[in-house]
Amino acid sequence: MNATTALLTDHYELTMLQASLADGTAHRRSVFELFARRLPDGRRYGVVAGVNRLLDALEQFRFDEQTIAFLADRGIVDQATRDWLADYRFSGEIAGYADGEIFFPGSPVLVVESSFAEAVLLETVFLSILNHDSAVASAASRMTWWAGGRPCIEMGSRRTHEEAAVASALAAYIAGFATTSNLEAARRYGIPSAGTAAHSFTLLHDSERDAFVSQVDALGKGTTLLVDTYDLTEAVRTAIEVTGTELGAVRLDSGDLPSLAGQVREQLDALGATKTRVIVTSDLDEYQIAALAPASVDGYGVGTSLVTGSGYPTCGFVYKLVAREDASGTMVPVAKKSPDKISIGGRKYALRRRSAAGVAEVELVGVGERPVDDGDDRELLKPLVEAGKIIGRTTPAESQAHHLKVRDELPRSASQLSRGEPAIPTDYIGDIQSRNPFAQRSNI
C-alpha cells in the first residue's frame, strides 16, 4: 500500500487550492456533502461500504518530501501552495453513514466540515473509495438477501484490479458474504477465507479418483470436491467412494445449475450422503441466485458480477459544496442550478423514520435543521472525525451485523429485482421547495 494517499486525487484540486490560497478564500469555513442523486435502474436501495477504508486513507493523506518534490518538478503548484501542503493535516469534522448502512437518493452519506482548503483536497479519494466499495456492497446485499441464509463465497479476485479485489472482498463481507477466496483480504481485515481446488488439480492427476484421494488426504473429508471436470454422475459416485458419507460438499461450476443441483442432491441422498452440501459457482449474479432459490443448493460462489457491482460499478456518488462562510463570516447555503445535476444547498441531517413495528418508512433529511425523532426513528449520521481525530472506525464483523440489522428494517418490496422506485421515499424539511428534488432526474 502507498505510504501516502495524497496523490490519489485530481490535478484540479491542487490548482483550486493554489488560487483560493492566493485570493484569501481557502480558509473559509465550508461544508461538503457526498450523496447519490439516484439509484441504478432496478435497485430499490444502496449499501454504504468503504467508510473504514476512507478513514485509513484520510490518516495517510500527507504531503511528504517526495510528494512535494514531485509537485515541484512538474510545476503543478507554486511554492506558497507547496509550503501549505507540507503542513497539511485535516483538522475538521466528518459525519457519515456507517459501513453497512442503507442509503437512498439524496442521503447525505458523508458530511465534511472544515476550511475549503482542507476539504476540497479529499474529494477524489473519498469518491473513489465509496463509489467502488458501495457499488460492490449494494450488489452483494441483493445476492445475500436472495440467498436466503445460504452462505455466499466471494471469489472475484481474478476479475478485477488486485487492490480492488481486496476492497471488494471487504465490501462483500459487510453486505453478508460468509467468506472470501482472497488471502490478502483475510490478512488485512480478518475476513474468513475459504478455498479447495480448481479443475487444473483434477486434470493434473492420472484419474479423477487420484485427485479426490489426494485432496481428501490433504484437507480431510470435510473438504469440497469439484465434480464436473468429466462425467458428473461418475464423479459424485467416486467422491462418496473415497470419503464415505462424510464428504463436506461437492461443487458444480458449469451447466444447467438448477437441474444439475437437483440431480446431484438425489444421487448424494441415494448414496447415503444426506449431509453433503451442494455448492454452485459459474458467473452467478443476484438474478441467478434468485432463480436458484427453489433448487437443492446449499451455497453460492460469486465472482465477476460481484466485483463489478453487477452491472453498476459505481454508485454515482458526488461530492458537493453545500454551505460556506461569506465575506462577513456568515455561513450561507450554496448549490448548483443545473437541472440535470441538481444539488441542495445547506448542511444536512438525516433520520430513518420507522413505524411502531420498526419498518422503515421515510428517509427524512433536514436542511439546515435536525429532523425531530418521533420515538421510532434512527439517527443515520455518525461522528467519524472530530477536530481532525478519527473516532468512528468499526470492525468488519460489526459492519456486517449492522447491515443485516438495518436491511431487516426495509419493507419486503426492497428485495425486488425489477425496476421500480426506491424502497422508501426521501423527504426533506427546512428551506427547500421540493419534497424530493432528486425524483425522476436523469443520470449524473
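A salt bridge here is a side-chain nitrogen of Lys or Arg within 4 Å of a carboxyl oxygen of Asp or Glu. The model is predicted: local features need pLDDT of at least 70, side-chain atom pairs count only at pLDDT 80 or more, and totals for chains, interfaces and linings use all residues. Residues are numbered from 1 along each chain as its sequence is written, and side-chain values use heavy atoms, with hydrogens and water left out.

**View 1. Arg 29 and Glu 93 form a salt bridge.**
The closest N and O atoms of Arg 29 and Glu 93 are 2.9 Å apart. The pair links distant parts of the chain, 64 residues apart: Arg 29 is in strand β1 (residues 29–36) and Glu 93 is in strand β3 (residues 93–96). Helices (H or I, at least four residues) and strands (E, at least two) are DSSP runs, numbered from the N terminus. Arg 29 is partly exposed, with a relative accessible area of 33%. Glu 93 is also partly exposed, at 28%. Here buried means under 20% relative accessible area, exposed means over 50%, and partly exposed lies in between (1.4 Å probe, protein chains only).

**View 2. A salt bridge joins Glu 184 to Arg 187.**
The closest N and O atoms of this pair are 2.5 Å apart. Both residues lie in helix α8 (residues 183–189). They are 3 residues apart, about one turn of the helix. Glu 184 is partly exposed at 26%, whereas Arg 187 is exposed at 60%.

**View 3. Arg 265 and Asp 269 form a salt bridge.**
Their closest N and O atoms are 3.1 Å apart. Both belong to helix α12 (residues 257–270). Being 4 residues apart there, they are separated by about one helical turn. Arg 265 is buried, with a relative accessible area of 13%. Asp 269 is partly exposed, at 36%. Elsewhere, salt bridges that share partners join Glu 101, Arg 352, Arg 354, Glu 363, Arg 378 and Glu 409 into one network. The structure has 24 salt bridges by this rule. Side chains of opposite charge can pair when their charged atoms come close.

**View 4. Phe 126 and Tyr 319 make an edge-to-face aromatic pair.**
The structure holds 9 aromatic pairs. In this one, the ring centres are 6.5 Å apart and the planes meet at 80 degrees, so the pair is edge-to-face. Phe 126 lies in helix α6 (residues 123–147) and Tyr 319 in strand β12 (residues 317–325), so the pair ties together parts that are 193 residues apart in sequence. Rings of Phe, Tyr and Trp (its six-membered ring) pair if their centres lie within 6.5 Å; planes under 30 degrees apart count as stacked, over 60 as edge-to-face and the rest as tilted. Phe 126 is buried, with a relative accessible area of 0%. Tyr 319 is buried too, at 3%. Phe 32, Phe 116, Phe 126 and Tyr 319 form one aromatic cluster.

**View 5. Strand β12 pairs with β1 and with β13.**
Two strands pair if DSSP finds at least two bridges between them. β1 and β12 run antiparallel, joined by 7 bridges. Ser 30 stands opposite Arg 324 in β12. β12 also runs antiparallel to strand β13 (residues 331–333), with 3 bridges. There, the bridge partner of Arg 324 is Val 332. β12 and β13 form a hairpin with 5 residues between them. Gly 329, in the turn, has a positive phi of about 90 degrees.

**View 6. Asp 283 and Ser 310 have positive phi values.**
Phi of Asp 283 is near 50 degrees, and this residue is not a glycine. Asp 283 lies in the loop between β10 (277–280) and α13 (286–291). Asp 283 is exposed, at 58% relative accessible area. Ser 310, also not a glycine, has a phi of about 50 degrees. Ser 310 sits in the loop between α14 (304–307) and β12. Ser 310 is buried, at 13%.

**View 7. The largest pocket has about 880 Å³ of space.**
Of the 31 residues that line this pocket, the closest to its centre are Met 155, Ser 181, Ala 197, Arg 251 and Thr 281. On a 1 Å grid over the protein atoms alone, a pocket is an open set of points where a 1.4 Å probe fits, with protein on both sides within 12 Å along at least five of seven lines; lining residues have an atom within 4 Å of a point. Grid points are joined across faces, edges and corners, and a volume is the space filled by probe spheres set on the points. β11 (299–302) is one of the strands that each supply at least two lining residues. The largest share of the lining, 4 residues, comes from β11.
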